[in-house]
Amino acid sequence: MNLKLISALTLSGFLAFVTVDCSNKATESEKLRSVILTSPVTAGTTTSTEYSGVIEEGRSTTASFMADGKILKILVKEGDRVRKGQLIAVLDDKDYQIGASQLKTQFDQMTHEKERMDEMYRRQNIAPNDYEKFIAGYEQLKLQMEMMNNKLEYTKLYSPSNGYVAEKFMEVGELTGAGTPIFKITDDTSLTANVALPVSMYLQRNKIKGASGITPALPDTELPLSIESFTPDAGNNMLYQMKLLIPSKYNATLSPGMNIRVKLNTIVADNEGMEIPVRAIFEQEGKNYVWVYNPSDSTINKKPIVIEGLQKGKAIEVKGLEENDKIVETGVKQLYEGEKVNVAQISDYGL
């Protein structure tokens with residue numbers, strides 16, 4: 001057998017081994033059964049309760065100078081719309097201009113002196129310690145000049161956000177300090193519905209599963225609302241404030257101050273039952289089970305359940321599951337304990 005024939009046989013054998021090995025891996029992957037997962041939901045009765053609320057702007061900010069001084073100009077009035085970064089007021093900056101000019105003159109002189117000191121240092125005509133002291137003084141003066149230029153810029157006040165001027169707190173000619181509010185800017189691009197809740201509803205806030213609202217401005221439209229926050233401290237009237245976001249598409253019609261009727265949907269669970277699809281249940285030796293998925297190793301294990309009540313449509317109430325369980329929804333009778341599966345889909349609980 002010549003050398004070329006031996007090489008050809010060796011190469012063909014290697015390719016056959018690689019092909020078989022890859023084929024085996026592909027076959028192993030194809031053997032994994034694909035499953036659809038879902039999660040159980042708390043069983044119970046949904047109730048609706050209505051509360052009166054008020055539409056408010058989503059966010060308000062105060063605009064204030066970052067420097068002290070006398071107000072020279074106010075360029076907007078209450079009710080004016082402003083955009084973020086728009087110049088809205090100016091301080092008298094004469095003293096800051098003088099200070100900046102003096103520091104600039106000193107810095108220019110010291111810069112010329114630095115050129116001479118640099119040359120002397122290169123020629124070793126000056127002691128290193130003296131040179132370092134000069135450079136430290138030079139850097140300190142440069143920093144002072146930069147700080148004065150910043151203060152000069154701080155005499156201009158720009159709007160911190162888009163919106164409108166809700167309030168003006170000071171007038172031209174008044175002295176103001178850094179951080180003193182000059183304007184209140186209200187961002188009306190996002191609106192909220194604010195509702196006062198009694199303690200009984202506040203304690204059930206985690207059971208609220210949906211919210212909607214009706215306003216006189218849109219009497220035939222039920223606005224979908226989403227919960228933004230709860231105020232944990234009750235006021236003197238023992239009511240807790242709840243804030244809900246209103247979709248931005250209604251901003252053109254709605255305005256802060258309008259009344260809104262908010263409907264809250266809550267689930268009242270009278271037991272520890274969970275609702276799951278009927279098709280997720282299988283029976284073995286007279287007992288009912290579901291397959292629970294383990295994401296750490298992609299395997300499934302059967303978990304016993306107890307059926308409660310009657311079937312409601314495609315769902316049924318059971319006990320023995322947790323809300324964070326992921327259960328196999330279809331094809332449960334073909335699976336076996338500890339089987340490794342491929343998750344094809346995680347469906348929302350929609351029966």
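**Confidence, rings and charges**

Reply: Over residues 3–29 the pLDDT stays under 50, and for this stretch the model has two contacts beyond four places in sequence. This is a predicted model, and its confidence is lowest in helix H1 (residues 3–31), where the mean is 46, whereas strand E6 (residues 87–91) has the highest value, at 96. The protein as a whole averages a pLDDT of 85, with 88% of the residues scoring at least 70.

With that in mind, we can turn to the rings. A pair of aromatic rings is described by two things, the distance of the centres and the angle of the planes. The count for this model comes to six aromatic pairs. One of them is formed by Tyr 202 and Tyr 240, whose rings are stacked, with 4.0 Å from centre to centre and 5° between the planes. This pair links distant parts of the chain, since Tyr 202 belongs to helix H4 (residues 199–202) and Tyr 240 to strand E13 (residues 240–246), 38 residues apart. Are these two tyrosines buried or exposed? Tyr 202 has a relative accessible area of 10% and is therefore buried, because buried means under 20%. Tyr 240, with a relative accessible area of 13%, is buried as well.

Another stacked pair is made by Phe 282 and Tyr 289, with 5.9 Å between the centres and 25° between the planes. Phe 282 and Tyr 289 are both buried.

Coming back to Tyr 202, we find that Tyr 202, Phe 230 and Tyr 240 form one aromatic cluster.

Side chains of opposite charge can pair when their charged atoms come close. In this model the count comes to 13 salt bridges. Among them is the one between Arg 261 and Glu 50, in which the closest N and O atoms are 3.2 Å apart. Here too distant parts of the chain are linked, with Arg 261 in strand E14 (residues 259–268) and Glu 50 in strand E3 (residues 45–64), 211 residues apart. Arg 261 counts as partly exposed, at 36% relative accessibility, and Glu 50 counts as partly exposed at 45%.

Glu 222 is partly exposed, at 45% relative accessibility, and Lys 263 is partly exposed, with a relative accessible area of 27%.

A further salt bridge is formed by Asp 80 and Lys 77, with 3.3 Å between the closest N and O atoms. Asp 80 is partly exposed, with a relative accessible area of 22%, while Lys 77 is exposed, at 52%. Finally, salt bridges also link Glu 119, Arg 122 and Arg 123 in a network.

Methods:
Residues numbered from 1 in each chain as written. Predicted model: local features only at pLDDT ≥ 70, side-chain atom pairs only at ≥ 80, totals over all residues. Heavy atoms only, no water. Phe/Tyr/Trp six-rings, centres within 6.5 Å; stacked < 30°, edge-to-face > 60°. Helix = DSSP H or I, 4+ residues; strand = E, 2+ residues; numbered from the N terminus. Buried < 20%, exposed > 50% of the residue type's maximum accessible area, 1.4 Å probe, protein only. pLDDT = per-residue confidence, 0-100. Contact = heavy atoms within 4.5 Å. Salt bridge = Lys/Arg side-chain N within 4 Å of Asp/Glu carboxyl O.
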